[in-house]
Amino acid sequence: MRKIYLSVGALSLFSLLTLNTRAQQIGPCSYDEHRNKLMQTDPEFAVREAKSLEFVKRFIENGGGHKDNQVYIVPIVIHVVHQYGAENISDEQILDQMRILNRDFRKLNADTSRVVNEFKALVGDARIEFRLATIDPDGNCTTGIERLVSKLTNDGGNNEARFNAWDYNKYFNIWVCKDLGGAAGYSVGYDVAMRSDYTGSIGTSGEYGSRALTHEVGHWASLPHVWGNTNPGTVCGDEGIDDTPITKGYLPGSVSCDAPQSQCNAGIIENHQNYMDYAYCQMMFTTGQVANMRARLNDPGAYHIRLWQSGNLAATGTDGTTDKYCAPKPDFYANKDVACVNTPVIFRDNSSVGFVSSRTWTFQDADITTSSALNPTVRFNSPGWKTVTLTVSNAQGEASKTNTKSIFVSNASVAETVPYLQTFADASVFGDKWIVKNYEENQTSFTQSTTAGFSDTKSAKMNGFNSPNGKTLKDGNGDVDAFLSPTFNLSGKEGWLMSFKISVATKSFSPNNMSETLKLEYSTNCGNNWINIKELSKAELSTVGYTSSNFTPSSAGQWKEVAIPLTSGTARDNIRFRFTYTSASTSNNLYLDDFRIAPASGIAEDLAKSAQVAVYPNPLTSASVLTYTMTGTADVNVLISDITGKTVATKTLGSQAPGDQSVELQPLTEKLKSGVYLLTLQLGKGTVTKKLIINQ
């Protein structure tokens, strides 16, 4: 392993190993990739960039950037995009990141003493200070931290993950996500995206990633990489700032941070300790880079100039006078959907509005009754829904939140009787039996429908048509809801079938544009882990196709059955199933009915009710066909009888899966005389009869 010198104090061998591994797995920055993409997709981007560069050049030539000693204050909002995982980093971790960001931009980092001699006189104080907003766009108190629940945290490299931006004229927007497509961060234009584990130096991050945001904010303030637009580590390049020499750029772990480096021009020392290099030796901006950043903050064609104006500082509560501080608004959640008696559950403080200075948890029927920890771990000693209370306070006041259904604790020895059929006709099953998880606490959730079902007017409905209106989602995209079954003892039931019926529409014209999904999973360890069984998506998740209105199924033919054989993995004790629906901007409603667990031979569905059987043309011609729709899997036979009831032709089609089917009738009828006949279609244990007319 190469020896690595870090720009922050001595680290343990474990930390060095961690740094080297992470540096190989995660690219420091994807600025160049996003810039190139913008160059290709936005014809005006190059024009705007050229105008900005010209302004910066003229501003510096006219004496700006260097001599101005004003400290520019920039209001920040940090949007934490998460799915209740470790990526939902704590307030403390974000505050630590703010400390590091301001330290670096004000040249307050102690390691400037390690800058090589050739650059000691060029270490610059950017005189830029970043402050979390205390007033949100609606005039309310805020910590400057907004938490957004969305699956897009897993796709932060996609521009759609940067959603629910606060006004760019007033706030510098930063998003924190779980994944950025292999990069630690990026910035092109007016905002920044960061990986959660490269944010700050505590919590899920560490010293290895603590200056990634300093690098990205450098991009936000107009600075390119020190090698310009070339490929780092391979081709020498120049970004156009006089006091940063031509360099190839140094990749993480490739050099000794304390030793001068020269690889492009003999005798010319390169600035590998620059924040805009990749070497993980970040210690400095040059005075030339400082001048460029300060010029950028004065560019009348950019949002940046509006941010530090006194009126905006007052509007965002960052001027030190209008700052708006309030008591925290308590919120919390458990780290799992369900638990078993005496199994660990972690509760996470998710409070907002004001920073918490003290907290008190109380727990019902748990091994600990109270706690002051940020994220306490508890074990409940009895089954049922558990009441949890969190009380938080700061200098501005105190508030409490009580959730009587904070988590459902089940008894592993109690299971539903099988064979099992749930038609959702009884509203009381939505609770202790079937558990609804509305993670975003919005109107999009699993509920009982009293207007539609497969065999009656009742079913479970996922309200996907009405996308959330609040600030937590972009057009409903990424809203996640779950529906959990009771527990079952399926030991010895290998070869049985689990089946359910769905009826669902989409607002997408093409199945290829659908991104909503329905995932079925199971857990045999009290929800600690969930294993995927089946995932429905695109055309598979649309039984009626495009529907622009609020969809309600109106016929049995709009339903389809999904049947899954129980295997050695699912034929087990203490098993619980979970439906997870992820909506999209094109989602419509989904209905779920007739959840069944039974022997394969015991599922006696009357598929004839939904078969939509037709014969055309009739009277018959050589081109006549029998068409029908399979809404479940069953054995299929065709019988033709004369008016006396005598069977005169048969065709065995075997087991057929759900979908549209057709049978040519000519081979069955070509030897029959003119007359009236009856065609019987056997679908499992159901039948449909049609009259046939033959004119020879």
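Two strands are taken as paired if DSSP finds at least two bridges between them. Helices (H or I, at least four residues) and strands (E, at least two) are DSSP runs, numbered from the N terminus. The model is predicted: local features need pLDDT of at least 70, side-chain atom pairs count only at pLDDT 80 or more, and totals for chains, interfaces and linings use all residues. Residues are numbered from 1 along each chain as its sequence is written, and side-chain values use heavy atoms, with hydrogens and water left out.

Figure 1. Strand S19 (residues 480–488) and strand S24 (residues 575–582) run antiparallel and are joined by seven bridges. One of the bridged residues is Asp481, whose partner in S24 is Tyr581. Strands of a sheet pair through backbone hydrogen bonds, either parallel or antiparallel.

Figure 2. Three bridges connect S26 to strand S27 (residues 625–630), and the two run antiparallel. Tyr616 has Val625 in S27 as its bridge partner. Tyr616 is also joined to Pro617 by a cis peptide bond, with omega of about -10°. Pro617 itself is found in the loop between S26 and S27.

**Figure 3. Helix H3 and the glycine that follows.** Helix H3 (residues 45–61) has 17 residues and reaches 24 Å from its first C-alpha to its last, close to the 24 Å expected at 1.5 Å a residue; the expected span is 1.5 Å times one less than the number of residues. Phe45, Ser52 and Val56 of H3 are buried (buried means under 20% relative accessible area, exposed over 50%, partly exposed in between, with a 1.4 Å probe and protein chains only). They cover an arc of only 40° around the axis, which puts them on the same side of H3; the arc is that of the directions from the helix axis to the C-beta atoms. Just after H3, Gly63 takes a positive phi of about 95°.

**Figure 4. The largest nonpolar core and the surroundings of Trp220.** A nonpolar core is a set of buried Ala, Val, Leu, Ile, Met, Phe, Trp, Tyr and Cys residues joined through side-chain atoms within 4.5 Å. The largest one has 43 residues, and those with the most contacts inside it are Ile76, Ile78, Phe105, Phe130, Phe172, Trp220 and Met293. Elements giving two or more residues to this core include strand S1 (72–82), helix H4 (91–105), helix H5 (212–220) and helix H6 (287–296). S1 gives the most, with five residues. Leaving aside neighbours within four places in sequence, Trp220 is in contact with residues including Val74, Phe130, Phe172, Tyr190, Val192, Leu297 and Leu307 (contact means heavy atoms within 4.5 Å). Apart from this core lies another, of 35 residues, among them Trp496, Val504, Leu590 and Phe595.

Figure 5. Asn292 has its place in helix H6 and counts as buried, at 17% relative accessibility. Leaving aside neighbours within four places in sequence, Asn292 is in contact with Val56, Ile60, Ala221, Ser222, Leu223 and Ile241. Of these, Ser222 lies in the loop between H5 and H6. Ser222 is partly exposed, with a relative accessible area of 22%, and its phi is near 95°, a positive value in a residue other than glycine.

Figure 6. Val353 lies in the loop between strand S9 (344–349) and strand S10 (358–363). Although not a glycine, Val353 has a positive phi of about 75°; at 24% relative accessibility, Val353 counts as partly exposed. A cis peptide bond joins Val418 and Pro419, with omega of about 0°. The loop that holds Pro419 runs between strand S14 (397–410) and strand S15 (420–422).
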